[in-house]
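Good morning. I have one model to go through today, and I will keep it short. Please have a look at it first.

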Amino acid sequence: MESYRGFLALLVSALPVGFLAVLFTLIWVLHYREGLGWDGTALEFNWHPVLAVTGLIFIQGIAIIVYRLPWTWKCSKFLMKSIHAGLSAVATLLAVISLVAVFDFHNAGSIPNMYSLHSWVGLIAVILYVLQFLIGFFIFLLPWAPLSLREVIMPIHVYSGLFLFGTAIATALMGLTEKLIFALKDPAYHSFPPEGVFANTLGLLILLFGALIFWIVSRPQWKRPKESDSTLPKSNCGNTERMEGAVAISSGSNTDRSDSELNNEGATRKRNLGLDDAGQRSTM
């Protein structure tokens with residue numbers, strides 16, 4: 001139970017921080033950078049940070065931790081895969097549109113493309129993220145790939161997702177600094193103007209959100225309990241007993257109880273609650 005409270009504390013800290021990062025990005029471009037538009041001017045460029053922070057950082061962060069939510073463990077894995085894929089699809093779409101916005105702006109103003117480290121890392125991150133989404137969709141969501149292939153790809157998929165999330169954060173921080181150096185002339189960035197301080201605060205929010213997400217996914221006790229990798233669209237989200245059993249097992253996995261004690265506990269629960277054999281297997 002203590003572990004569950006710790007998870008909730010981190011979750012209710014991470015989500016407002018991520019939302020504030022998106023809100024600060026909007027305030028920055030609307031108040032300090034003259035707003036948004038789609039006309040080849042700087043107003044179109046302003047969509048780039050808004051969509052990148054919203055998609056590749058905030059929404060991607062939620063997609064990463066969606067499997068860790070204990071109250072979703074009672075839901076079928078297919079349902080959670082679909083939610084994860086849907087969030088990833090939205091993040092992918094926003095990332096692609098953010099690239100279109102910055103290339104349109106550069107081309108309309110005859111500004112050279114792809115000369116900075118920010119642009120190099122950012123373009124690579126978006127391309128890899130699109131590939132990550134497509135591989136995840138065709139191998140893990142659709143029922144075509146054999147189980148052996150999924151077992152091989154899964155560690156790579158998990159690692160690359162976290163790597164790209166961290167890369168997106170680093171790219172955003174580079175982009176913020178680059179934009180402020182180019183845009184702030186009078187007063188200059190080094191003189192601590194209000195826009196510079198505000199944008200630096202935005203960078204800290206992005207960094208803090210990333211740190212909270214990484215901490216959540218790095219805790220083994222908050223990992224979704226293993227189950228059969230079914231692609232059938234079944235959902236048992238209404239069965240509260242199954243979720244409680246899953247949380248109990250996840251927390252109990254870090255104790256020193258023997259296998260016999262676990263079996264005895266399971267047998268007692270079966271007798272007392274009258275669970276059927278199939279339900280008992282899902283909770284054990």
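This is a predicted model: local features need pLDDT of at least 70, side-chain atom pairs count only at pLDDT 80 or more; totals for chains, interfaces and linings use all residues.

I'll start with residues 197–217, where the chain is 100% helix and 0% strand.

Now the chain as a whole. It has 10 helices and 0 strands, so the order of elements from the N terminus reads α-α-α-α-α-α-α-α-α-α. Of its 284 residues, 43% are buried. Among contacts with a separation of 6 or more, 75% join residues 24 or more positions apart.

How do helix 3, residues 47–65, and helix 6, residues 147–183, cross? Their axes come within 10 Å, at roughly 160 degrees. Over 145 degrees counts as roughly antiparallel, and helix 3 and helix 6 are therefore roughly antiparallel to each other. Their crossing is left-handed.

On the helix 3 side, the contact is made by Leu56, Ile57, Gln60, Gly61 and Ile64. Helix 6 contributes Gly161, Leu162, Leu164, Phe165, Ala168, Ile169 and Ala172. By type, that contact has 9 nonpolar residues, 3 polar and no charged.

That's the end of my part.

Terms used:
Residues are numbered from 1 along each chain as its sequence is written. Side-chain values use heavy atoms; hydrogens and water are left out. Axes are lines fitted to C-alpha atoms, for helices over the stretch in contact, and angles run from 0 to 180 degrees between N-to-C directions. Helices (H or I, at least four residues) and strands (E, at least two) are DSSP runs, numbered from the N terminus. Angles under 35 degrees count as roughly parallel, over 145 as roughly antiparallel, 65 to 115 as roughly perpendicular and the rest as oblique. A crossing is left-handed if the near helix is turned anticlockwise from the far one by less than a right angle, and right-handed if clockwise. Contact means heavy atoms within 4.5 Å. Ala, Val, Leu, Ile, Met, Phe, Trp, Tyr, Cys and Pro count as nonpolar, Asp, Glu, Lys and Arg as charged, and the others, Gly among them, as polar. Buried means under 20% relative accessible area, exposed over 50%, partly exposed in between (1.4 Å probe, protein chains only).
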